[in-house]
Each structure stands twice: as structure tokens, then as C-alpha cells.
Amino acid sequence: MNAILGDYLSGILGTFREASEWCLNPLEEIRKGGKTIVNRAEGNSVSVEFNLLYRWHATLTSKDEEWLEQAVKSLLPRGHAALSKPKGSFELTEEDFKIISKNTKEHNEKIPPHKWVFGGLVRNKDGGFDDHELAHILLDATDNQACAYGARGIPAIMKVVEVMGIKTARKWGVCSLNEFRKFVGLKQYESFEEWNPTGDIAKVARDLYQHIDNLELYVGLMCEESKKPGDGAGLCPGYTISRAILADAVCLTRGDRFLTTDLTPYNLTSWGFQDCARDTKNGSMGGMFSKLLFRALPEYYPPGSVYAHFPFVVPPEMEHWLTKMNLHQRYTFNRPPKGPVTPVIPIVSAAGVQSVLQNPTVFKTMHLGSAQHLVDGSFFCFDNEPRHINARNMVGNALTRTGAMDNYAKYFREHTRRLLKLRSFRSGPNRYAVNIVRDVINVIPIHWICEEIAGIPLKSEEAPRGIYTEQEVYEMVTTIYSFVFINNDNSEDWPLREHSTVYAKILVEYIQNRLQASGNHRMLSIRGIKDLISHLFTQEIDHSDPFYQMLFKSNSDQLGIDELSSNVLSVIVSCAATLIHATTHVVDYYLDKEREAERKRIAGLATDFTPETNATLAGYVREALRHAPPAAGTFRKAAADARIEQGKDEKGRDRPPLDVKKGDRLFLSIAQANKDPIKSSTGGGSDKTPQIPFGRGTNSYYEETCCEKLIPAMLRAIFSLPNVQRGPGFTGTMNRFVNWVHGSKEYVYISNRGTVSPWPASLLIEVRADDVISLPYDLITFFCSTMKR
């Protein structure tokens, strides 16, 4: 429905010429004086005249006409007189049309419907058609320009259909053109010249019908003067047709209960309802057909392609109007590839995944374009140039400087306990609950990157004058990360791209100001002054100086402020996002009843800070992430022909190596590789924990270092709670469903707004307050103070 309203009707009205997001909304309630005067969902009765309204044979493209001639000729008997007629003058008689219809019927009756073919296509073994062949047809349809409406514009091949249509209309006894115009509320024509003043059209019509009131409907509709292109006129048929099809669209949609009263989140689910809703910020000016093309044929409709965003307008015309509105730089106008696209090759063995990840020279990341769109410099250090390797090491040295990780672990442990106290609420007699995901796990990494690394002015209970709230920075970080790494749905690329661009600019500005005011850049500057004013005004919590000072100390390549800020942005986004995802998966994993023993063991180690205990807790983290990794996998592209060794199978036999060609795309299945029976020399939770990176980027080393050091700190605080367990009913589970990515399972979550999201939104845990006697002193104090409240 929204494709009809957002694409079809918008094309008819030509709203794309002004980048207008306006769309006819025939579903809203129409009231007068508090009383509904136009009902909905009561069905509709369409007069037979509307059957004649949509016979737009004059608009057939030259390619369509040529294809139709060939199709008709193939159905005529050999030696038929019509076969000798030249191209463009191929006409049929009514008898010929009956022969063609009979032959088509007999042919189709011999073949089951699921084996029918058309347009020279051949079905696959599974009964479907190749994607590249279907895409070729659709792309051709966008490229081929339709012909204009008007008298004497109908192709010769359609003449017999027109004649039969006129005869059928007379047989049905339909109304005249003027009677039809009166019915739809239009002024009746008073003369043939008013109806169509072009050439001798009016004279010929007068000779045939004598009076304008006698002009029959079929002829009157098809030969009416066409509208001129302009405001509200994109399709440009006759005015009667354009007015009537809008009325028809309103009646058909308002009368359908599935599109009105039954179109609710209850019937469609919240995320299904949101997915059907029209989005005016999707790059298609509210059109919905692009979503269908992006999802059904993603290899042939790349993000930003006008072929997907505006499939009903020829690209040169669309380029003209977008250029006129200075929007052309946001789109691509080249036709997508015609040939078949090599499918993505999944790599599922641990040896294969490790082999690819350890060879970044041959196997390139596929996220470079998204990253470069956001900022200048070596954002996320995606290539393997020595300069960028040094930049990555520089950021890593600053992040993991001597004693830093121990201090960060203490920060995470103390802030987890603080938020558990601050965000908890009474959920029943002697029971207290907290939304561990929304109010704790999603928040602490945000505080960490703002207060300890980047120096972003965060608004919190301790710094009420800060500029950005926890949820605002969380939205920035997860959106940027999603755009770069989880942008697998082309239909979501546009909003992610637009929002990420804005968010990256905001964060980079604060980082640049801190860089200018720190280290070797303490000279007077506009950025330094901005940073000073921000600190004085917001009174933010900022312990970022040690990080920035070490960053400058390690800056052997003398990178400038722009490149340094890009690298800092990369580390705060990748580490915070990975921590959020990974910690949620670890906590959810150990909350299961069958892992109560492991949960108690973690709680028993909560106050033991020896290196051996730290290693054991890190092993528990790795074991949880082996079974529930935050990412199903990551993509790479072969820059040269290569052979990938697959290692051994469970029985110790060598797996056959995999040969890939230059340009092949690979999906490295972290989910499946993590379950490969490979022994590991380390790991407290399991001796089968393979050393497979669980991050999506080339910063995965630092992401994993943070996870192994900082997640245990959060686990110490969370699982030290008395009798911690899941909340009641659905509150104690994450609202999610399984999405299969190239054969690997990945979870997709339902956000608090009812939309589909890769980010967990909510998980309630409960604790029993009558068990506080067994807790450490600081937690006893916490629960006693909570009970007093």
C-alpha cells in the first residue's frame, strides 16, 4: 500500500521534482463536527467504468512494443499473413487475437504453473529464476522511457485490443465521458475543442460523434488532451484520468480493512508494523519500493542507487532534478552490474577464519567505504599500510598503557555497583529489580569513553550540567558502529549514513578540542579555548589527560589533529560498542538456570583479585562468547587469488583447502568457527575455547583486551548480588529473534521504539534482599539503604 502511495502516486503527481515528502494519505479519519463522515474498512464497490481507466497502452515503451511483437509472432501459425508485416505496422484482427489466446491457453494447460517461464528465462533446480536475470529485467524497465499519453499514440500491435475494448464498453453500457466527469466532480466539457484542441483531433471526433455529450468514455479518456508537465503533474495523462485514479486509490485503500482497521501493531507485531510504515527520511522521499528492491536483490541495487530509490523515473531525468536541487552528490546514477554476482563464500572452520584474519594484505575489510565517508584519516585503521599500522599501535599503547587496564577494571567494577544501587527499584516483597541492560551494561562503557578516554561532556547525576545524556551518546556510538560494521541491509544504509555523519562530526569536534588542549598542543588555539569553556561551563568529569598524553608520546609519525581524532573516534566507538554487545551476551548466558553452578563460582571469585582469578574470570567470558558471540561473523574481500587452509575436522582428517579468486567476498563465521573442536592453551571456562576474534574490525585486539579485562569487573559486581536471577516472565528475557546470516545464527532485537535493531534493549534481573547477610560489606550497605527507600 505504501509503495502505491509513496512511489506510484508520487510519480503521478511529480513530487520528486521538488524533493517533496508529501504523500496522499487516504487512510486518516475524515471528521466533521466530531462525527465520522467517510467510513473505513467497509469494502468498496467500483463501477465498471474504472476498468477502462487504466488501459494505458499509449505509454508502452519502444522496447515493450518490440518484445510484444516478438511474443505475438511466436504464437501465430507459420505462414500467417500478419507475420510478413514490417516492424511498427504489425496489426492483428480479432480472429488473430482469438487464435493467440487459444494457443496460449493450450500451451499453459500442458505445463504446471510452477514451471511456466517468460521472457526467455530458465528456472533453477529449485524452481526459481536467477537473481541477475530478474534484476536485468527490472533495471531495463527503469531505463526504458515510457511514451506519452494522447490520441494516435497507441502502438499498432495494440490496435486490436483497443477496438475490442471500445466494443466491450458499448456492450456493458458504460456512461459517456461527460457523465463520468460529472460523477467524479469535474466540469463537463462544452465542446470538442475544450476536450482536445490539438491538431484535427476535435474535428475528427465531431464528425464521428456530432455532439460532445455523445463522446463515449473509452475514446474520450484515451484521446483527451494530456496535461503539461508541472507542479502536481508527473505522469501527465488527461486530466480526467489523473483525477479519477486518485479518487480510485482513496476508495480502494479506505475500504480495505487490512489496510485500515486491521493495520495495527497487534496484528503485525510492533516491528512488523514499523517496517511497513512510510519513512520520509529514507532517501526515496518516502517511497517504499526501494526497500523491496534493496532486500530482494541487494547485490544488484547498491545503496544510494537511483535505480532503487526512484525505480519509476528514468535515471537521466532523476539526475537532472536532483542536480537542480543540489542533492545529486548523495546518489549514484550508474547502472548496477548486469552479469551474475558471485555469491558470498562462508568460511566456517576456525583454521580458515584465522587464516583469513591473519592475512589482511590479501583479504581486505569491506567496511572501508563506510568509514572513509565519516571522517578523514585512518578511521578504524582499515588498511595495512605501515602508517596506519603505526597509528593503530599508537592508539593501543595509549589505551593499554602501564596500569591503565587495572584502573579501568576498577572503574567498571565500582560504577557497576553504583548504577545497580542508583537504578534499582522495588519489584515485590523483599525483592528488588534493575534493568541490567538498559540502565547498567549500555551505560557504563559510555561513561568510560566519555570520562576516561575522549573527554566528552556527559550529563549525569555527578555532572548535571553536561551536554549529552547517556542515551544520546549511546545512540551516537551504536549508530556509527552499525553504519560501519552491521550495515548489511541496504534499505537501512541511508538513515544510518545520514545519522552517522552528524554524530561523527559531533564527537570528532570534542576530541579535536581535547587534543588541542592536551599534550604538545597546549598553545593558544580556538579549539583549546572551546575545550576550556566546555570544561568550565559543564563541570564535566574528565580524566582523559593520561590517555591523550600517552597518545602524543607514542605519536612517532607526527600525525596531525585530524588523523589523531579519527583514530581516537575509532577506538572509543569500537571498544564501547563491543563491550555493550559482549557484556550483554555474557550476562544473559550465565543467567540461564543450567549455568547456576558457573554463576555461583563467578560470585565466589568476586573478591579475589589475584592474577589466577583474573585469568579464570576471563576464561568464563571467553567461554560465554564462544557460545554467544556478539557478531555472527565479519566480511572480507579477496584482493588476489588465494588458497585458504581449512585445518582438520573432528576426526583429525584434513579438510580440503578452499581456493578463492580475486574479488570473491568471504563471510568469516565467528559463530561456527568458535565451536570448531580446537584446543586452546588458555581459558578458565573451557579448554575448548578457540582463539577466534569476536570483533568485526581490525581493532579487534583492543576490543578483546578490553572485554577480557573489563567484563569480568562487571561480572564481579552483578553476580555478587544475592540470589540474582531473571525477572518474571518476558521481562527476564531479551525481546529478540534469530536472523540467519550466510548459515550462521545471529540475534536481532526489538528496540524500545518497536523497531528492529542489532542492539539489546532490555533485560530485567531480580535479587532477594533477605540474603544480604552473605554479601560483602559494601553490598550490604547498598541493599540496606535501598530497603530504607
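Ala, Val, Leu, Ile, Met, Phe, Trp, Tyr, Cys and Pro count here as nonpolar, Asp, Glu, Lys and Arg as charged, and the others, Gly among them, as polar. This is a predicted model, in which local features need pLDDT of at least 70 and side-chain atom pairs count only at pLDDT 80 or more, while totals for chains, interfaces and linings use all residues. Residues are numbered from 1 along each chain as its sequence is written, and side-chain values use heavy atoms, with hydrogens and water left out.

**The chain as a whole**

- The chain has 32 helices and 15 strands; helices (H or I, at least four residues) and strands (E, at least two) are DSSP runs, numbered from the N terminus.
- Of the 789 residues in the chain, 49% are buried; buried means under 20% relative accessible area, exposed over 50%, and partly exposed in between (1.4 Å probe, protein chains only).
- Among contacts (heavy atoms within 4.5 Å) with a separation of 6 or more, 72% are between residues 24 or more positions apart.
- The chain exposes about 38100 Å², and carbon and sulfur atoms supply 54% of that area. Accessible areas come from the Shrake-Rupley method with a 1.4 Å probe, and for residues only the protein chains shown count as cover.

**Cavities**

- Rolling a probe the size of a water molecule over the atoms shows where empty space is left.
- On a 1 Å grid over the protein atoms alone, a cavity is a set of points where a 1.4 Å probe fits but cannot get out, and a pocket is an open set with protein on both sides within 12 Å along at least five of seven lines; lining residues have an atom within 4 Å of a point.
- Grid points are joined across faces, edges and corners, and a volume is the space filled by probe spheres set on the points.
- The count comes to eight cavities of 30 Å³ or more, and the largest cavity has a volume of about 140 Å³.
- The largest cavity is lined by 15 residues, of which Gly6, Asp7, Ser10, Phe16 and Phe310 are the closest to its centre.
- Helix α1 supplies the largest share of this lining, four residues.
- By class, the lining of the largest cavity has six nonpolar, eight polar and one charged residue.

**The second largest pocket**

- The second largest pocket has a volume of about 1700 Å³.
- Its lining holds 43 residues, and Thr61, Ala141, Asn144, Gln145 and Ala146 lie nearest its centre.
- The elements giving two or more residues to this lining are α1 (2-13), α3 (62-73), α5 (131-143) and α14 (289-296).
- α5 gives the most, with seven residues.
- The lining of this pocket divides into 25 nonpolar, 10 polar and eight charged residues.

**Two buried serines**

- Ser566 is in helix α27 (residues 561-590), and counts as buried because its relative accessibility is 2%.
- A polar atom of the Ser566 side chain lies 3.0 Å from the backbone oxygen of Asp562.
- Ser720 is in the loop between α31 (700-718) and β11 (725-726), and counts as buried because its relative accessibility is 7%.
- A polar atom of the Ser720 side chain lies 2.4 Å from the backbone oxygen of Arg716.

**Loop residues**

- Gly173 is in the loop between α6 (159-172) and α7 (177-183), and counts as exposed at 57% relative accessibility.
- Ala41, in the loop between β2 (35-38) and α2 (49-53), has a phi near 60 degrees, a positive value in a residue other than glycine.

Notes: Polar contact = N/O pair within 3.5 Å; in protein donor to acceptor, adjacent residues only side chain to side chain.
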